[in-house]
Amino acid sequence: MRDIFPVNGLFEMMQLPYGADDLGVISGNTLGFHHGKHLKAYVDNLNKLLPGSGLENKPLSEVICNSKGGLFNNAGQVLNHVMYFEQFGHQNHEPVGRVAEMIAKDFGSFDNFKKEFEQKGATLFGSGWVWLSANAEGHLVITQEGNANNPVMNGLVPLLTFDVWEHAYYLDYQNRRADYLSALWQIVDWKVVESRL
């Protein structure tokens, strides 16, 4: 995972690596609110809460692992959203390299992995995230993380995440979370996922 470092003491708002209307399965309207409003609020709040925390100028993963309350919530959501938005594109929609080998080894097939990942995302109660991560033994694991939680807190290396907060999908899919999860495979760029190992 590429850590995120503050610039001149502040975390910066990420720019999308694609146009707002480029993804298809996520509308420009949803991206406008999700990236332009929700993520921006998390970045702004994180920067307001950092002074006096003792975590100024620390990388984002360190802020997450050493904070609680509002500081933790905003730091976690910044990392989660950056990883979510960065992993999409219009190329490489099948696993590649080492990640492909690990999926085959740990889940039997890409289809088995997708089925389990979607099921974990669809059944997470309330708001949160479903993650694919690598553990210390070199195996892939799927976890459900509520609210702003993420695998970094448990010593895992996060590779892929689908956001299951309602603001990520409700404008496009209403209450059909399972349809949203299934559609996202069309835009995952597995070279980005592979680069996080």
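A nonpolar core is a set of buried Ala, Val, Leu, Ile, Met, Phe, Trp, Tyr and Cys residues joined through side-chain atoms within 4.5 Å, where buried means under 20% relative accessible area with a 1.4 Å probe and protein chains only. The model I present is predicted, so local features need pLDDT of at least 70 and side-chain atom pairs count only at pLDDT 80 or more, while totals for chains, interfaces and linings use all residues. Residues are numbered from 1 along each chain as its sequence is written, and side-chain values use heavy atoms, with hydrogens and water left out.

Let me begin with the core. The largest one has 60 residues, and F113, L160 and W190 have the most contacts inside it. Helix α3, residues 69-86, gives the most to this core, namely 9 residues; helices here are DSSP runs of H or I of at least four residues, and strands are runs of E of at least two, both numbered from the N terminus. Of the 18 residues of α3, 14 are buried, so the helix is largely enclosed by the rest of the structure.

What does W190 touch beyond its neighbours within four places in sequence? Its contacts (heavy atoms within 4.5 Å) include F110, F113, L160 and W185.

I turn now to the sheet. Three strands form an open sheet in the order β2-β1-β3, with antiparallel pairing; two strands pair if DSSP finds at least two bridges between them. Both β2 (140-146) and β3 (157-163) stand at the edges with a single partner strand each, so one side of each lacks a neighbour in the sheet. Strand β1, residues 128-134, pairs with β2 over 7 bridges, and A134 has L140 as its bridge partner in β2.

Note on methods
Buried means under 20% relative accessible area, exposed over 50%, partly exposed in between (1.4 Å probe, protein chains only).
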